[in-house]
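Please keep the sequence and the model in view while working through the numbered points.

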Amino acid sequence: MIDVCLAGTGGMLPLPNRWLTCFWLEYNGKAALIDCGEGTQITLAKHGCKLSRLDALLITHAHADHISGLAGLLLSLGNYGKTDALTIYGHEGISTVIEQLCCICPMLPFPLEVKELSETEISRFEWNGLEVQSLPLRHRIPCLGYSFMLHRKPVFNPQKAKALDIPMQFWKQLHAGETVTTQDAVYTQDMVTDEKRPPLKITYMTDTLYFKEMTGFAKDSDLLVCEGMYGDDAYLPKMQEKMHMVFSQTAELAKHSGAKQLWLTHYSPALTDPAEYAAAVQEIFTDTVVSVDGQRMTLR
């Protein structure tokens, strides 16, 4: 199972009741974090995200509300006793930004491994058994959206295995996708399994204009986490100028991508009560959650 927590939902600056947007994903005892604005380690601790499990940090872009908390986060990790490497992913040139931000924490007890991803096309990599992709978004500076996909094994059918007299000692290997060869036979996964199961998919996108490629990137997400700076469409011209989205655009994206659930995030500080727009946005996409800090879900 995959545990996720939207520990912060704010944009631009932290507020007394709303920390800057950051997304925690935990699988098989390791965690990945998307973005680390000012004070991120505080809201992570408040909402039960254990820093000792943090293995990877994914940066969407180098605006302050998404990365200015890096030094504090790294120092907190050191205080928690981290000694193994932290891998940081980001757009081309992020290495220089990280180097500059780390000038105030030069003596970390663990190494940083920085990996730069394309600003022009989808990048793919593996983290902790999950397939991760990054999509270049459309913001004022290079910005990336991310998706995580867990490819699940097909359903094991012991009756099929027994009917073919496949020794039980091979069942686990076959279910895992291995081919087993003996003196008398060759056994393959399809001989002991039923239908394939769709993968679990989580997509996260923020700080961008809407563009059609986002729909394909988010296709069939079990959970889509995406920005909505304002709930009122009257702000749409202003948001297009600033290269952001409003609630209705995000809901349309969720509907057309086939997402199962949408969590809104990255609210403007001027939006004091995002929940007042819940009914309107749910008319567009029923399974919309107007998120609050600490929003949690377990995907099974």
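1. In this note, two residues are said to be in contact when they have heavy atoms within 4.5 Å. The model discussed here is predicted.

2. Leaving aside neighbours within four places in sequence, phenylalanine 148 is in contact with Leu25, Ala32, Ile34, Leu58, Leu130, Glu131, Val132, Leu200, Lys201 and Ile202.

3. To which core does this residue belong? Phe148 is part of the largest nonpolar core, which has 27 residues. Phe148 is among the residues with the most contacts inside that core, together with Ile2, Val4, Phe23, Leu25, Leu58 and Tyr146. Strand 9 (residues 144-150) supplies the largest share of this core, namely 4 residues. Another core lies apart from it and has 26 residues, including Cys5, Ile59, Leu74 and Cys102.

4. The largest pocket has a volume of about 250 Å³. It is lined by 15 residues, of which Met12, His139, Met229, Lys242 and His244 are the closest to its centre. By class, the lining of the largest pocket consists of 5 nonpolar, 5 polar and 5 charged residues.

5. Which helices contribute at least two residues each to the lining of the largest pocket? They are helix 2 (64-67) and helix 8 (236-242). Helix 8 gives the largest share of this lining, with 3 residues.

6. The second largest pocket has a volume of about 150 Å³. Its lining comprises Thr9, Asn17, Arg18, Tyr267, Thr272, Asp273, Pro274, Ala275, Val290, Ser291, Val292 and Asp293. Counted by class, there are 5 nonpolar, 4 polar and 3 charged residues in the lining of the second largest pocket.

7. Serine 248 is placed in helix 9 (residues 247-257). Is serine 248 buried or exposed? Its relative accessibility is 17%, and a residue counts as buried under 20%; serine 248 therefore counts as buried.

8. What does the side chain of serine 248 meet in a polar contact? Its partner is the side chain of aspartate 233, at 2.6 Å. When neighbours within four places in sequence are left aside, serine 248 is in contact with Asp233 and Ile284.

Methods: Residues numbered from 1 in each chain as written. Predicted model: local features only at pLDDT ≥ 70, side-chain atom pairs only at ≥ 80, totals over all residues. Heavy atoms only, no water. 1 Å grid on protein atoms, 1.4 Å probe; cavity = no way out; pocket = protein on both sides within 12 Å on 5 of 7 lines; lining within 4 Å. Points joined across faces, edges and corners; volume = space filled by probe spheres on them. Nonpolar A, V, L, I, M, F, W, Y, C, P; charged D, E, K, R; others polar. Buried < 20%, exposed > 50% of the residue type's maximum accessible area, 1.4 Å probe, protein only. Polar contact = N/O pair within 3.5 Å; in protein donor to acceptor, adjacent residues only side chain to side chain. Core = buried A, V, L, I, M, F, W, Y, C linked by side-chain atoms within 4.5 Å.
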